[in-house]
Amino acid sequence: MVMEVDEPAVAATTSQDEQDEAQNNDVEMDTSEGPIEADQTFEAVDQINWKFNQVKGNIDSEVHTEADVISCVEFSHDGEYLATGDKGGRVVIFQRDQSGKYVKGVRSREYNVYSTFQSHEPEFDYLKSLEIDEKINQIRWLKKKNAANFILSTNDKTIKLWKISERERKIGEDAWNLPRTNRINTTSFRGRLQIPSIVPMELIVEASPRRVYGNAHTYHVNSISVNSDQETFLSADDLRVNLWNLEITNESFNIVDIKPANMEELTEVITAAEFHPTQCNWFVYSSSKGSIRLCDMRDRALCDAYAKIFEEPEDPQSRSFFSEIIASVSDVKFSHNGRYLLTRDYLTVKVWDLNMESQPVETYPVHNYLRTKLCALYENDSIFDKFECDWSGDDKHILTGSYHNLFRTYARGNDGDSKTWEARPQEPYSQLRSRSVVPSAKRKRPNVPPTPEQTEEELSSDQLQFDRKILHTAWHPKDNIIALAATNNLYIFSDV
């Protein structure tokens with residue numbers, strides 16, 4: 001039995017005249033001019049040839065615990081740090097190599113462990129008799145303002161703000177005027193006073209919780225996003241989006257609420273949400289029906305009435321039992337210039353122009369060869385997997401994951417040029433060989449290794465391993481470096 005908890009109602013004391021005046025002053029949001037950059041027609045770019053850099057985690061053993069499975073990956077704003085969270089509630093932070101080593105004329109792109117700490121612990125909701133997993137759902141970096149780094153991490157219910165700082169100096173042991181032991185028996189000091197000296201010590205990286213934001217979500221948190229003003233952030237669950245101030249932990253404002261009065265009338269849920277990279281009043285949230293809604297917080301306090309909705313009309317002839325499942329948007333990302341939206345559903349990646357709501361401007365298939373296997377994917381629950389997508393730092397390339405540890409990159413403006421690669425260990429700085437997944441009936445040379453003249457390795461769709469998948473991806477904000485979470489391993493590839 002699920003117990004419903006009454007939610008406090010928000011008092012409204014607006015007079016009728018004030019309501020009429022607000023209604024008259026209401027204007028429709030216009031994104032065709034103003035803060036959004038004008039569309040820049042960029043030249044076609046070539047596909048990136050990825051090279052293997054690193055793999056983190058145990059690759060020798062195929063057996064791993066559930067707690068070691070990586071559940072999120074995120075680069076910092078300057079790309080110097082890379083954070084991962086896992087199902088065991090741990091956060092591992094990697095730092096880019098600081099030794100000054102150069103490889104092929106560019107700074108080393110290796111990442112080394114910087115700090116590891118336990119972010120969340122398993123909890124129990126006694127009111128609803130539900131266990132709350134420690135799994136880290138998302139990590140978001142705040143922009144660096146001083147020597148310390150700050151990150152937000154969340155599990156299903158609680159969001160935490162962590163400070164990661166360094167300590168590499170201490171007071172010298174021989175610099176005290178009184179002995180550090182048996183000070184109770186010391187009656188007085190005789191001699192010359194000396195000023196304590198600061199001496200270097202082994203670097204210690206400390207992670208300390210600064211804020212805990214809890215008790216605001218009835219349902220599981222799926223997204224957090226830091227605003228461009230670096231003062232507020234949003235958190236989204238299945239039915240609501242809340243707005244928080246980073247300094248206030250006991251209060252948040254509900255800005256989206258799609259919960260119907262009767263839960264039997266529920267037709268869609270919120271799947272992801274994100275703030276605009278430069279406009280602090282805009283945010284988007286996606287739904288399980290495949291629509292993306294853009295909201296403007298200047299328009300009204302409760303953004304149930306969206307400013308724009310981006311959705312593609314469905315072809316009635318192609319509708320099937322799986323149509324709504326595969327149409328569900330699992331991830332949404334603004335481009336770095338704020339002009340486009342990138343969305344991922346089960347079978348495709350789409351690019352939307354904020355000025356055109358009727359249809360996406362670009363659609364890239366990810367694994368169309370799975371259309372004939374949807375029934376089997378439904379039976380083993382793989383059809384409900386939530387894949388992420390990412391922009392490159394210059395917004396000219398797109399990244400997303402697939403099954404069998406495959407990932408795909410797309411070169412925009414080049415007729416949808418795309419390649420498929422497999423994340424697997426190999427020699428450092430060696431180039432990856434792209435792969436091509438074909439239906440088993442069309443495979444020409446089964447079980448024959450590729451010749452050096454072949455540019456792609458063929459892989460039969462019947463050989464795909466659906467338990468090996470890349471759900472979580474991240475692209476370095478400046479360089480062509482990507483991080484991919486493949487179960488319990490973290491792969492890092494670059495173009496050098």
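Visitor: What should I know about the model before we start?
Guide: This is a predicted model, in which local features need pLDDT of at least 70 and side-chain atom pairs count only at pLDDT 80 or more, while totals for chains, interfaces and linings use all residues. Residues are numbered from 1 along each chain as its sequence is written, and side-chain values use heavy atoms, with hydrogens and water left out.

Visitor: In what order do the four strands of the open sheet run?

Guide: The order is β1-β34-β33-β32, with antiparallel pairing. Strands here are DSSP runs (E, at least two residues), numbered from the N terminus, and two of them pair if DSSP finds at least two bridges between them.

Visitor: Which strands stand at the edges?
Guide: β1 (51–56) and β32 (470–475) do; each has a single partner strand, so one side of each lacks a neighbour in the sheet. From one strand to the next, the twist averages 20°, taken between N-to-C directions of lines fitted to C-alpha atoms, on a scale from 0 to 180 degrees.

Visitor: How many bridges pair β33 with β34?
Guide: Six bridges join β33 (residues 481–486) and β34 (residues 489–494) in the antiparallel sense. Isoleucine 482 stands opposite phenylalanine 493 in β34.

Visitor: Which residues cover the two faces of β22?
Guide: In β22 (residues 331–334), Asp331 and Lys333 on one side and Val332 and Phe334 on the other are all buried, meaning under 20% relative accessible area with a 1.4 Å probe, protein chains only.

Visitor: How many disulfides are there?
Guide: A search of the whole structure finds zero, a disulfide being a pair of cysteine sulfur atoms within 2.5 Å. For cysteine 295, the nearest cysteine sulfur belongs to cysteine 303, 5.0 Å away.

Visitor: Is cysteine 295 buried or exposed?
Guide: Cysteine 295 is buried, at 1% relative accessibility. Cysteine 389 is buried too, at 0%.

Visitor: Which residues touch the most other members of the largest nonpolar core?
Guide: Of its 17 residues, these are Tyr346, Leu370, Leu374, Leu377, Ile383 and Leu464. Such a core is a set of buried Ala, Val, Leu, Ile, Met, Phe, Trp, Tyr and Cys residues joined through side-chain atoms within 4.5 Å. Another core, of 15 residues, lies apart from it and includes Phe52, Leu432, Trp475 and Ile482.

Methods: Buried means under 20% relative accessible area, exposed over 50%, partly exposed in between (1.4 Å probe, protein chains only).
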